[in-house]
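Here are my notes on this chain, as numbered points. Please keep the sequence and the structure open beside them.

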Amino acid sequence: MSLLLRGGAVLDVGAGTLRTADVLVEGSRIAAVGAGLAPPAGACVLELGGRTVMPGLIDCHVHV
């Protein structure tokens, strides 16, 4: 299954940038990030309307 997240503000934590882009997810992996990506045949397209897309965050703050 493919999912195209279109027109989101993509947060790149490594670079510390926020830019408008599309994100193509195939199965459980991100296949592509860029402007104007074409959805594969049969893909579900979700219009984000400027909402923010960011990676999952993990709380690594622990006291053992």
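1. Start with the contacts of L46. Leaving aside neighbours within four places in sequence, L46 is in contact with L3, L4, L5 and R6. Contact here means heavy atoms within 4.5 Å. L46 sits in strand β4, residues 44-47. With a relative accessible area of 42%, L46 is partly exposed. The cut-offs are these: buried is under 20% relative accessible area, exposed is over 50%, and partly exposed is in between, with a 1.4 Å probe and protein chains only. L46 and I58 are 12 residues apart along the chain, yet their C-alpha atoms are separated by 25 Å.

2. A word on the source. This is a predicted model, where local features need pLDDT of at least 70, side-chain atom pairs count only at pLDDT 80 or more, and totals for chains, interfaces and linings use all residues. Residues are numbered from 1 along each chain as its sequence is written, and side-chain values use heavy atoms, with hydrogens and water left out.

3. Now the overall fold. The chain has five strands and zero helices. Its pattern along the sequence is β-β-β-β-β. The radius of gyration is 14 Å, well over the 11 Å that the globule rule gives for 64 residues, so the chain is more spread out than a compact globule. That radius is taken over C-alpha atoms, and the rule is 2.2 Å times the number of residues to the power 0.38. Along the principal axes, the C-alpha trace spans about 50 × 25 × 20 Å. Strands (E, at least two residues) and helices (H or I, at least four) are DSSP runs, numbered from the N terminus.

4. Which strands does β1 pair with? Nine bridges join β1 to β2, and the two run antiparallel. β1 also pairs with β4 in the parallel sense, over four bridges. With β5, β1 pairs in the parallel sense over two bridges. Two strands count as paired if DSSP finds at least two bridges between them.

5. Look at individual partners along these pairings. G8 has A21 in β2 as its bridge partner. L3 stands opposite C44 in β4. V10 is partnered by V53 in β5.

6. Next, the hairpins. Four residues lie between β1 and β2, and G16 in that turn has a positive phi of about 70 degrees. The hairpin of β2 and β3 has two residues between its strands, and there G27 takes a positive phi near 70 degrees. Strands β2 (residues 17-26) and β3 (residues 29-34) run antiparallel, joined by five bridges. V25 has I30 in β3 as its bridge partner.

7. Is S2 buried or exposed? S2 counts as buried, at 16% relative accessibility. S2 belongs to strand β1, residues 2-12. Not counting residues up to four places away in sequence, S2 touches L24, V25, E26, P40, A43 and C44.

8. Compare P55, in the segment after β5 (52-53). P55 is partly exposed, at a relative accessible area of 41%. P55 touches L11 and V13, not counting residues up to four places away in sequence. P55 and P40 are 23 Å apart, C-alpha to C-alpha, and 15 residues apart in sequence.

9. Last, two totals. Of the 64 residues, 23% count as buried. Among contacts between residues at least 6 apart in sequence, 46% join residues at least 24 apart.
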